Amino acid sequence: SSSKNASALVVLVSGLSRSGSTWQYNILKELLGAASGAPVASAHAETPDASFDACIRTPPCVLKTHNFAPRLLLRVDAVFSSHRDLRDVLLSSMQMFGSCLGTRPALRSRHGSARDHDVAQRFQQYAHWAPFA
């Protein structure tokens, strides 16, 4: 049955930062929960860690990361990536972090520094994930 299949799924969300990937992650958790009828395990981190391994061992599971982690590719059933107009991504980064190109001094906020959210680095990570989405 589809419920049995859904209850065994491990899904990864890997969109470009500020592209709607958190929204996609939350929607996929809700959809997987409704399809499986089971609580959905989840993990979210910039760099996959032990919480990802724990989630994978207890499907259904939804993971989210922006940093490319090839070791996850063989351990997930599907990779989802969000896409957003790049002008909107740049504007969102500017509004959230004060910079998006990593050229300003390290402005700190509760979300880290502008340099931590340099869009050029994010594009590189996104480019690694894109072929697998």
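1. Across the chain the pLDDT averages 80, and 77% of the residues score at least 70, figures that should be kept in mind because this is a predicted model. Confidence within the chain is lowest in strand β5 (residues 108–109), where the mean is 48, and it is highest in β3, at 96.

2. The structure holds 1 disulfide, which joins Cys55 and Cys61 with their sulfur atoms 2.0 Å apart. The link of Cys55 and Cys61 is right-handed, with 120° about the S-S bond.

3. By the rule applied here, the count of salt bridges comes to 2. One of them is formed by Arg71 with Asp53, the closest N and O atoms being 3.1 Å apart; this pair links distant parts of the chain, since Arg71 sits in helix α4 and Asp53 in helix α3 (residues 50–56), 18 residues apart. Arg71 itself is partly exposed, with a relative accessible area of 39%.

4. The side chains of Asp53 and Arg75 also meet in a salt bridge, at 2.7 Å from N to O. Because Asp53 lies in helix α3 and Arg75 in the loop between α4 and β4, the pair ties together parts that are 22 residues apart in sequence. Arg75, with a relative accessible area of 32%, is partly exposed. Taken together, Asp53, Arg71 and Arg75 are linked in a network of salt bridges. In general terms, side chains of opposite charge can pair when their charged atoms come close.

5. The structure holds 1 aromatic pair, and this pair is made by Phe68 and Phe132, which are stacked at 6.0 Å centre to centre with 20° between the planes. Phe68 lies in the loop between β3 (61–64) and α4 (70–73), whereas Phe132 lies in the segment after α6 (119–129), so the pair ties together parts that are 64 residues apart in sequence. How accessible are the members of the pair, Phe68 and Phe132? Phe68 counts as partly exposed at 23% relative accessibility, and Phe132 is likewise partly exposed, with a relative accessible area of 41%.

6. A last point concerns Ser81, whose place is in the loop between β4 (78–80) and α5 (86–97). Is Ser81 buried or exposed? With a relative accessible area of 11%, Ser81 is buried. Leaving aside residues up to four places away in sequence, Ser81 touches Ser14, Gly15, Gln24, Tyr126 and Ala133. A reader checking the surroundings of this buried serine could therefore begin with those contacts, among them Ser14 and Tyr126.

Definitions and conventions. Residues numbered from 1 in each chain as written. Heavy atoms only, no water. Helix = DSSP H or I, 4+ residues; strand = E, 2+ residues; numbered from the N terminus. Buried < 20%, exposed > 50% of the residue type's maximum accessible area, 1.4 Å probe, protein only. Contact = heavy atoms within 4.5 Å. Disulfide = S-S within 2.5 Å. Phe/Tyr/Trp six-rings, centres within 6.5 Å; stacked < 30°, edge-to-face > 60°. Salt bridge = Lys/Arg side-chain N within 4 Å of Asp/Glu carboxyl O. pLDDT = per-residue confidence, 0-100.
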